[in-house]
Amino acid sequence: MQLFQTTLKVIIFSALVCLLTVNILPTTYRLTVSTPISNAGSNTSEFLLSTSSWVQAISVLESSKIQLITMQNAEKVGGFVAFNHSGGRVDATLVEKKPHELQYHLRFHEEHQARMRIHIKPATQHITIVVQGEVLSPLIGSLNALLTKYYLEKIIQTAVNEMNSKLQLQSTGQSDK
């Protein structure tokens, strides 16, 4: 009986330490992906600031099981794109569109929100994507924030690489003409 009580105390103490440790971690995150633009041409900004282009680049990630659900007025402010993935649903709303910048509000399965900014610097031919997010889950939000930051960075980097590849193919196709 004494051994059982001691074991139970150790398990409860370990669970409390784990909960405290998890809740100490931040529930917000920020990630930045910046890369040079390949073969910048006359329609590069239009291509890189097109919601449809990003949707196509993200849908290449078959291993992530990301599926497009709907896309309504995606190129206009207020436009909406919804994805399904293994972790739930992601809704993206275009909230601001400028000549060299797009901003989206992202909502992840109703417990997490983020703001994504895609900015093109024509002078340096760089694209920079910044995502700032906050997880609203009270108990495991900090772990969710760390995982989301990790996976989002990989997804965005892959999408940027896909966009750069498409730009290279477009410039090759134009130079063959």
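**Entry 1: surface patch**

I began with the surface, where M1, F4, L8, I12, L16 and L19 form a nonpolar patch with about 660 Å² of accessible area together. Patch members have over 30% relative accessible area and no salt bridge, and nonpolar side chains are joined within 5 Å. Accessible areas come from the Shrake-Rupley method with a 1.4 Å probe. I note that this is a predicted model, in which local features need pLDDT of at least 70 and side-chain atom pairs count only at pLDDT 80 or more. Residues are numbered from 1 along each chain, and side-chain values use heavy atoms, without hydrogens or water.

I then looked up F4, which lies in helix α1 (residues 2-24); helices are DSSP runs of H or I with at least four residues, strands are E runs of at least two. F4 counts as exposed because its relative accessibility is 56%, the limits being over 50% for exposed and under 20% for buried.

**Entry 2: H112**

I located H112 in strand β6 (residues 112-121). At 2% relative accessibility, H112 is buried. Its side chain makes a polar contact (a pair of N or O atoms within 3.5 Å, one able to donate a hydrogen and the other to accept it) with the side chain of Y29, at 2.8 Å. Beyond four places in sequence, H112 touches (heavy atoms within 4.5 Å) residues including Y29, E134 and T148.

**Entry 3: T51**

I found T51 in helix α3 (residues 51-59). T51 is buried, at 3% relative accessible area. A polar atom of the T51 side chain lies 2.9 Å from the backbone oxygen of A74. Leaving aside neighbours within four places, I list A74, E75, V81, L94 and Y104 as the contacts of T51.

Notes: Buried < 20%, exposed > 50% of the residue type's maximum accessible area, 1.4 Å probe, protein only. Patch = residues over 30% accessible without salt bridge, like charges linked within 9 Å, V, L, I, M, F, W, Y side chains within 5 Å. Salt bridge = Lys/Arg side-chain N within 4 Å of Asp/Glu carboxyl O.
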